[in-house]
Amino acid sequence: MPKKLLTLMPEFQMIQDPELRDKTVQVWRKAMEKGSWSVEDLEGMPFTLLIENTSVSLIQHTRAVTLCSIRIGDVLLEKYKDYLSLNRDILLSGALLHDVGKLFEYKREDGNFVKSREGELLRHPISGAAFASQFDLPEEVLHIIAAHSKEGDGARKTVEAVIVNHADFVNFESLKI
Ligand SMILES: [Fe+2]
């Protein structure tokens with residue numbers, strides 16, 4: 001399965017630190033196991049239930065958010081290098097994992113993806129950060145997961161978390177119009 005997952009999301013390979021890369025893949029792999037989702041399920045899983053019948057998958061969304069995040073990060077590094085610093089690997093890992101909690105937020109009912117009981121009780125930034133915390137990831141990565149979406153609004157965030165939070169909204173709001 002890891003190989004299929006890497007084919008599905010080649011952005012994992014952009015993480016330079018092999019340990020962080022492996023841990024990031026492992027979180028996805030174990031989350032798939034916990035949610036009993038196959039790679040094929042993931043391909044058909046919508047990125048949101050808030051846009052009715054969207055055909056944009058969670059994988060497409062995660063890849064787009066990751067690429068937007070790294071490009072924003074690179075522009076900031078290029079233009080503001082005297083004013084800020086950021087860690088590209090942390091940014092990539094956090095972006096790739098920001099929505100992993102959606103694997104627990106959804107369930108399948110009559111062939112449709114609907115909100116699970118867990119999803120009603122714990123939104124994906126919370127369940128995703130809690131799940132990922134079992135894998136000895138840097139706290140900066142857990143912070144990105146926990147502080148994306150509205151959970152992070154108004155909260156103090158690292159530069160990497162600000163980027164993923166906004167990249168996520170850009171990728172959501174643009175498709176909602
Ligand atoms: Fe997202």
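User: Which residues does Ile145 touch, not counting residues up to four places away in sequence?
Analyst: This is a predicted model, where local features need pLDDT of at least 70, side-chain atom pairs count only at pLDDT 80 or more, and totals for chains, interfaces and linings use all residues. Residues are numbered from 1 along each chain as its sequence is written. Ile145 touches Gly94, Leu97, His98, Pro125, Gly128, Ala129 and Ala132; contact is C-beta atoms, placed from the backbone, within 7 Å.

User: Which residues have the most contacts inside the largest nonpolar core?
Analyst: Val100, Ala132, Val141 and Ile145, in a core of 31 residues. Such a core is a set of buried Ala, Val, Leu, Ile, Met, Phe, Trp, Tyr and Cys residues joined through C-beta atoms within 7 Å. Buried means 20 or more other C-beta atoms within 10 Å of a residue's own.

User: Which helix gives the largest share of this core?
Analyst: Helix 5, with six residues; helices are DSSP runs of H or I, at least four residues, numbered from the N terminus.

User: What do the buried residues of helix 4 pack against?
Analyst: Helix 3 (39-44), helix 5, helix 6 and helix 10. Those buried residues include Leu58, His61 and Gly73.

User: Switching topic: how do strand 1 and strand 2 run?
Analyst: Antiparallel, with four bridges joining residues 106-109 to residues 112-115. Strands are DSSP runs of E, at least two residues. The two form a hairpin with two residues between them.

User: What stands opposite Asn112?
Analyst: Glu109 does. In the turn, Asp110 has a positive phi of about 50°.

Terms used. A residue is buried if 20 or more other C-beta atoms lie within 10 Å of its own, exposed if 12 or fewer, and partly exposed in between; C-beta atoms are placed from the backbone. Two residues are in contact if their C-beta atoms, placed from the backbone, lie within 7 Å. Two strands pair if DSSP finds at least two bridges between them.
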